[in-house]
Amino acid sequence: MAATSIIYRREIGAYLRSPFAWVIAALVLLVNGVVFRGYVLPGQHLSALVLERFFWASSGVVMFAGVLLSFRLISEERASGSMVLLNTSPVRDSQIVVGKFFAALTFLAILLALTIYMPLLIKVRGKITSGQILVGYVGLLLLGSAILSIGIFASSLVKNQLLAAIIATVIVVLLVFLFQFAKTLDGTAKSVLQDLDLWWIHFQNGFMRGVLNLKDLIYYVAVIYFFLLLSVKTLEAKRWQ
Amino acid sequence: MIRAKNLTKFYGGKRALGPISFEIEDGETVGFLGLNGAGKTTALRILACDLRPSAGTIQVGGMDVLAEPHEVRKKIGFLPELPPLYMDMSVGDYLGFAGEIRGMSKTDVKRRMGDVLDITDLREVQDDPIGTLSHGFKQRVGVAQAIIHDPKFLILDEPTRGLDPVQIVGMRKLIQNLKEKHTVLISSHILTEISRTCDRLLVLGRGRVLGVGTETELAVTESEIRSVTVTVRVPGGDDPKAQIRKVLDGVDGVSDVGDPIEQGGGLSFVIKTTKDCRADVSRAVVTAKLDLIKLDYSRGELESTFLRLVEGSDGGN
């Protein structure tokens, strides 16, 4: 645990010192605000629908930010040579991955917390519950965590940061559009692929509408665990090479 | 103690190292010497638990590197060719991180920090971001992270690489200080550089050990010392060159005395010998009431010993 906490603190510090992270933060807040003003609010809608539209737009921004916040986490260490310090220290690969993951998640959570004024504005003017807002944010955090775990996995694969970003983006896009691809199939394959979809099924049908489904929760936890485990195994395989 | 037995490393189907065997006693400073591609970095990375050997065993401080890597890692400080630095961190924060990640408590890190900053002469830049430092300072920070946890074994891969002459002198002094407390392993492809800091040399070529021993032992092993540089000052009298030459010519084993050059306040002669007659030369100079300023076997001879070892390995392949 100690090593995880040490790595977590270093990564949080790295985010706070990095102009790149602040640019991402500014972009996320700017895009979220602009979309809120230009797409979410206009028109006459039920407040619950307005909140759905907010979470729909925010989920796109979260996926974008998730990739940007995670693709460099391991690949940059390899490229700069700093990975040797971790590799020659008495630290387990799982501690490296988990420390980095929670640091990225903390930064993302802070960004999301800064958007809370938008759903609160909807709540002040409309008829939505705090529970709906809370569930939506839990969904955004889970979706973001899944993207971060995918980004860390991509980052563990290659030294080149651009390539890591591309790999992460490809995996995310594939998982997001599994639902559309599943439509072209029939039977079990269709249902399996739909269940594996990252966004349409597990976010839009549940969290986005303020509905907390256990299966959605389990799905995201499973995705996060799966990609973090892959990252650990990749590091283990590369550590002694 | 470090004990390697039949250590071998393949990259794909290509043999990069071994099988090599060697032992390093506690407190020794050993130089891994070899040309580029000789296997120095591979050997040091295996010792630092950064690379798994394809075959063979290696024990560090009585522990098997593969069986107990984390325990071994606690006892080792490693400076790779490219120092493992975080450019965004300040020197102090980075060293704190390096210490804690190696299992030190915050209190221990704080207690040790002052010593490390003093040893590596980094106190004046401890609050500066590493990315803003010169190459020489970065290399020092690399050494500092390797010693922050006060490891028993210190592994430095090409520590003077890319440094200017002033920085090289500084790094050499730093290594001299580290020798007092640590068992130090240093790699280099520059013979004169490594021979000044190490007690013993391990010459590698094409992944094999070509020779082990002190400078003198290596030279004697391959061919007897046949070239000696002697610097002598004549307290008085005319024609000092002739006086010295006469003394040197009279020494048993000296076959040729070269033309002198003025050096270090005296005249420096390179003499060719048929055996190691440094003791006879010094005795003769002192007996003739001349001042012996310096006596050493020729650096050029040492270089050629190294080249002979390396070329011998090429010939054998």
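Me: How many bridges join strand E9 (residues 200-205) of chain B to E10(B), and do the two run parallel or antiparallel?

Reply: Strands pair if DSSP finds at least two bridges between them. Helices (H or I, at least four residues) and strands (E, at least two) are DSSP runs numbered from the N terminus. Here E9(B) and E10(B) are antiparallel and joined by five bridges. Within E10(B), Arg208(B) stands opposite Gly205(B).

Me: What kind of model is this, and how are its parts labelled?

Reply: It is a predicted model, in which local features need pLDDT of at least 70 and side-chain atom pairs count only at pLDDT 80 or more, while totals for chains, interfaces and linings use all residues. Residues are numbered from 1 along each chain as its sequence is written, and chains are lettered from A and ligands numbered from 1 in the order in which they are written.

Me: In what order do the strands E6, E7, E8, E3, E9 and E10 of chain B lie, if the list is a sheet?

Reply: The order is E6-E7-E8-E3-E9-E10 in chain B, an open sheet of six strands with mixed pairing. E6 and strand E10 (208-213) of chain B are the edges; each has a single partner strand, so one side of each lacks a neighbour in the sheet. On average, and with direction ignored, neighbouring strands of this sheet are turned by 15° against each other. Helix H5(B) packs on the sheet by touching E6 and E7 of chain B, and its direction makes about 165° with that of E6(B). Such angles run from 0 to 180 degrees between N-to-C directions of lines fitted to C-alpha atoms, for helices over the stretch in contact.

Me: Which strands does helix H6 (residues 165-179) of chain B lie across?

Reply: H6(B) lies across strand E3 (29-33), E7 and strand E8 (183-188) of chain B, and runs at about 150° to E8(B).

Me: How is the sheet of four strands in chain B arranged?

Reply: This open sheet has the order E2-E1-E4-E5 in chain B, with antiparallel pairing. At its edges stand strand E2 (14-24) and strand E5 (63-64) of chain B, each with a single partner strand, so one side of each has no neighbour in the sheet. Helix H1(B) packs on the sheet, touching strand E1 (2-11), E2 and E4 of chain B, and its direction makes about 120° with that of E1(B).

Me: How many bridges hold its pairs?

Reply: Take the pairs in turn. E1(B) and E2(B) are joined by seven bridges, with Lys9(B) opposite Leu17(B) in E2(B). E1(B) and E4(B) have five bridges, and Ala4(B) has Ile58(B) of E4(B) as its bridge partner. E4(B) and E5(B) have two bridges, and Gln59(B) stands opposite Asp64(B) in E5(B). E1(B) and E2(B) also form a hairpin with two residues between them, where Gly12(B) in the turn has a positive phi of about 65°.

Me: Which residues of helix H9 (residues 240-249) of chain B are buried?

Reply: An α-helix has 3.6 residues a turn, so residues three or four places apart point the same way. In H9(B) the buried residues are Ile244(B), Val247(B) and Leu248(B). They cover an arc of only 95° around the axis (taken from the directions from the helix axis to the C-beta atoms), which puts them on the same side of H9(B). The face turned away from that buried side carries the exposed residues Ala242(B) and Lys246(B).

Key:
Contact = placed C-beta atoms within 7 Å. Buried ≥ 20, exposed ≤ 12 C-beta atoms within 10 Å, placed from the backbone.
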